[in-house]
Amino acid sequence: MSVNTQDTEIVHRAFRRESRLLVELVAAVAPGDTARAEVIAGHFRLYRLGLRHHQEVQDELLLPPLLSRVDLDADIVLRAEAQHRRLAATLTRLDAAVPAWEATAGADERDTLVAALADHRAVLLEHLGDEEAALLPLAARHLTEREWALLRGRLVTGIPAPTLLTLCGAVLEEADPAERAAVLGGLPAPVRVAWHVLGRPRYARHIRRVRG
Ligand SMILES: [Fe+2]
């Protein structure tokens with residue numbers, strides 16, 4: 001028996017897409033257009049919250065139990081820990097670059113931010129690819145169904161409901177019907193209902209504003 005970690009790959013798709021779009025969206029903002037910068041900076045903060053939460057849950061509920069159970073494969077877990085630290089460092093850099101750009105939408109600040117976003121994305125892509133190729137198969141073999149369910153549960157707690165619904169939309173955006181059913185089936189019933197009633201239109205509005 002091994003746990004099904006496919007939902008993580010569906011979530012990763014959203015991080016890959018949004019990290020690419022952030023580079024493109026910021027690069028396209030005209031100097032001085034602070035209204036547009038504010039919208040995109042808000043979207044970055046949402047992306048950042050989703051990514052950090054995802055990693056913190058993994059740091060607590062995925063990497064430590066794996067490290068205690070694997071022997072020859074410990075390097076895979078240690079590599080993931082190191083990649084999480086590098087990713088956190090790229091976010092720290094963005095935490096300075098985003099408000100600096102948002103304040104004036106200056107061309108120099110924009111170019112600095114685009115470079116920082118591109119660096120962040122490079123670290124992110126390396127990590128997600130590695131996680132899918134090496135870490136998740138390890139998790140599938142060594143974690144119990146109960147532990148995986150706990151991890152999934154934690155991914156949807158500790159985030160304010162409106163934010164959670166928008167993040168849900170990002171995850172479901174490119175999901176096929178079977179993936180959509182798997183993701184929604186893993187959510188608590190009240191969140192699932194809220195997604196259908198409130199989340200879908202809310203996400204559509206958010207994306208229209210962000211992507212223009
Ligand atoms: Fe990770």
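Student: What does L187 touch, not counting residues up to four places away in sequence?

Tutor: L187 touches V156 and R192, where contact means that the C-beta atoms, placed from the backbone, lie within 7 Å. This is a predicted model, in which local features need pLDDT of at least 70 and side-chain atom pairs count only at pLDDT 80 or more, while totals for chains, interfaces and linings use all residues. Residues are numbered from 1 along each chain as its sequence is written.

Student: Why is L187 called partly exposed?

Tutor: A residue is buried if 20 or more other C-beta atoms lie within 10 Å of its own, exposed if 12 or fewer, and partly exposed in between. L187 has 18 other C-beta atoms within 10 Å, so L187 is partly exposed. Of the 212 residues of the protein, 27% count as buried.

Student: Where is L187 placed?

Tutor: L187 is in the loop between α8 (177-185) and α9 (189-211). Helices are DSSP runs of H or I with at least four residues, and strands are E runs of at least two, numbered from the N terminus. The protein has nine helices and zero strands.

Student: What makes α2 and α4 roughly antiparallel?

Tutor: Angles run from 0 to 180 degrees between N-to-C directions, and axes are lines fitted to C-alpha atoms, for helices over the stretch in contact. Under 35 degrees counts as roughly parallel, over 145 as roughly antiparallel, 65 to 115 as roughly perpendicular and the rest as oblique. Helix α2 (residues 34-61) and helix α4 (residues 74-104) pack at about 165°, with axes 10 Å apart, and are therefore roughly antiparallel.

Student: Which residues of α2 take part in the contact with α4?

Tutor: Among them are F44, R48 and R52 in α2, which face a set in α4 including L87, L91 and W101. Nonpolar covers Ala, Val, Leu, Ile, Met, Phe, Trp, Tyr, Cys and Pro; charged covers Asp, Glu, Lys and Arg; the others, Gly among them, are polar.

Student: How do you know that α4 and α5 are roughly antiparallel or parallel?

Tutor: α4 and helix α5 (residues 107-142) pack at about 160°, with axes 9 Å apart. α4 and α5 are therefore roughly antiparallel. Their contact divides into 17 nonpolar, six polar and nine charged residues.

Notes:
Two residues are in contact if their C-beta atoms, placed from the backbone, lie within 7 Å.
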